[in-house]
Amino acid sequence: MKRRNPRSRNGMSMHRHLCLTFVLLIMAGPAAAAAPDGRELYLRHCAACHGENGYGGVGVPLALPDFQHTATDEYFIRTIRHGRPGRVMPSFTRLSDEEVRAIVEHVRSWHEGPRPAHDPAPVKGDEKRGARLYREHCAGCHGDHGQGGHGTGVTFSRPRELPIIAPALNNRGFLAAATDQMIKQTLMRGRKGTPMVSFLEQGLTEKDIDDIVAFVRSFARNPLPHNEVPADEPPLLMAETDRPFDEVVEAVKRAAVGANFRLIRVQPLDQGLAPPGQEDQRRIIVYFCNFNFLYQALAIDPRVGMFLPCRVTVVEDGDKVRLLAINPTRLSRLFNNSELDRACAEMAEIYANILDEATL
Ligand code: HEC
Ligand code: HEC
């Protein structure tokens, strides 16, 4: 076949052709360069919890063959988008669809073999009977109400023999992501390498499993009240007073000691930034600690270590003295860990009392 190339016939169309190519290059160039790198995105957003190679950590392993065999791409995408509210696993709402896809492709690259197809067909079962079976076979790990195991993966509180924490099944994020078929496959197969065993091998029948799936699905109708932190919870607790600076600092120390804390140190805000000896002594941080509380909080979630020891900042500002503390109630939301809520509420109360005592 004879090919025609009209563009090369005269200078004018050649010129147009070049312009067009140029424009196309400009349009295609950045788009091609921006093709998301799944590995890089995974390392940035997921690896800290799920491990560089998907072997797990704070988060459950993602590389295990049995998991990869039952999880659909759809399940991954929805899990990344919804997260698991209150269960540490964040929701990633700002990643583009392409970025989420690229992450899924990266996670998939750890496993050879076919990916399961998305199958929305509901599993029919006897929910009441399923509830009985659930109490007998599942509640010990996943909790009476499907609230999941305690702790957050790598915590001091989890029993040593359970290297992986049982996920919450009564969780909006999980229920939005998992199909009946996936739950069923998980129960049939189990996940080798984790405490989650195959319940067929445990002697349950497929009918038993269908009943349990029906019960697990019923969680969607009876969600646990999830104590989400109100959106208007301020990031900082603040107070101000007309009392003299030195008096306020002493009052903060007294109040902390009175609340069973040990003073650790008082340090200028700009220590290490200003030349030694020239720090601003009217802008200081009082550090204090209560070891019981510290261990308790760390056992719930090691990441609270970032905000410990406890501290109150005291700043002289004209003829006022201002006090600032991080609002611990915001931490639970930051960490997406509802187990922290109680400890954080307690700590918020203590901070509020210290600020009160120092400013009254
Ligand atoms: C010995 C503890 C244990 C028992 C008993 C147990 N599980 Fe699990 N289950 C786990 C753990 C741990 C995982 C997480 C496995 C992983 O990391 O992939 C899990 C995972 C799951 C998952 C997948 C959840 C997700 O987020 O991917 C489902 C569904 C599930 N279990 C349901 C059940 C049901 C229903 C029963 C009762 C028939 C049951 N499990 C019994 C420990 C247990
Ligand atoms: C701050 C820690 C953390 C980060 C960051 C995180 N996850 Fe998770 N992820 C978890 C935890 C914890 C769970 C288990 C939820 C539970 O216990 O109910 C989980 C669960 C999951 C599950 C469900 C696993 C299963 O067995 O069904 C998938 C899939 C997942 N995460 C993927 C990701 C991906 C992909 C990223 C990055 C985009 C990511 N996670 C980022 C902590 C995290």
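Predicted model: local features only at pLDDT ≥ 70, side-chain atom pairs only at ≥ 80, totals over all residues.
Residues are numbered from 1 along each chain as its sequence is written, chains are lettered from A and ligands numbered from 1 in the order in which they are written, and side-chain values use heavy atoms, with hydrogens and water left out.

Student: Which residues coordinate the iron atom of ligand 2?

Tutor: Donors are N, O and S atoms within 2.8 Å of the metal (3.2 Å for Na, K and Ca); water is not among the atoms, so sites may look incomplete. At 2.0 to 2.1 Å, the coordinating atoms are NE2 of His-50 and SD of Met-89. His-50 lies in helix 3 (residues 47–50) and Met-89 in the loop between helix 5 (73–82) and helix 6 (97–108), so parts 39 residues apart in sequence are tied together by the pair. The residues are His-50 and Met-89.

Student: What is the geometry of the site of the iron atom of ligand 2?

Tutor: Six donors count as octahedral if opposite donors are over 155 degrees apart and all others between 65 and 115. Angles among the six donor atoms here run from 87 to 179°, and the site is octahedral.

Student: Is Val-88 buried or exposed?

Tutor: Val-88 lies in the loop between helix 5 and helix 6 and has a positive phi of about 75° although it is not a glycine. Most residues other than glycine have a negative phi. Buried means under 20% relative accessible area, exposed over 50%, and partly exposed in between (1.4 Å probe, protein chains only). Because its relative accessibility is 10%, Val-88 is buried.

Student: Is Asn-260 buried or exposed?

Tutor: Asn-260 lies in the loop between helix 12 (245–258) and strand 2. Its phi is near 75°, a positive value in a residue other than glycine. With a relative accessible area of 61%, Asn-260 is exposed.

Student: Which strands stand at the edges of the open sheet?

Tutor: The sheet has five strands in the order 1-5-4-3-2, with antiparallel pairing (two strands pair if DSSP finds at least two bridges between them). Each edge strand has a single partner, so one side of each is left without a neighbour in the sheet. The edge strands are strand 1 (236–241) and strand 2 (262–268).

Student: Which residue caps the N-terminal end of helix 13?

Tutor: Helix 13 (residues 291–300) has several buried residues, including Phe-293 and Leu-294. What covers its buried residues includes strand 3 (283–289) and helix 15 (340–359). At the N-terminal end, a side-chain oxygen lies 3.0 Å from the backbone nitrogen of Asn-292, and the capping residue is Asn-290.

Notes: Tetrahedral: all angles 85-135°; square planar, octahedral: opposite > 155°, others 65-115°. Helix = DSSP H or I, 4+ residues; strand = E, 2+ residues; numbered from the N terminus. Contact = heavy atoms within 4.5 Å. Polar contact = N/O pair within 3.5 Å; in protein donor to acceptor, adjacent residues only side chain to side chain.
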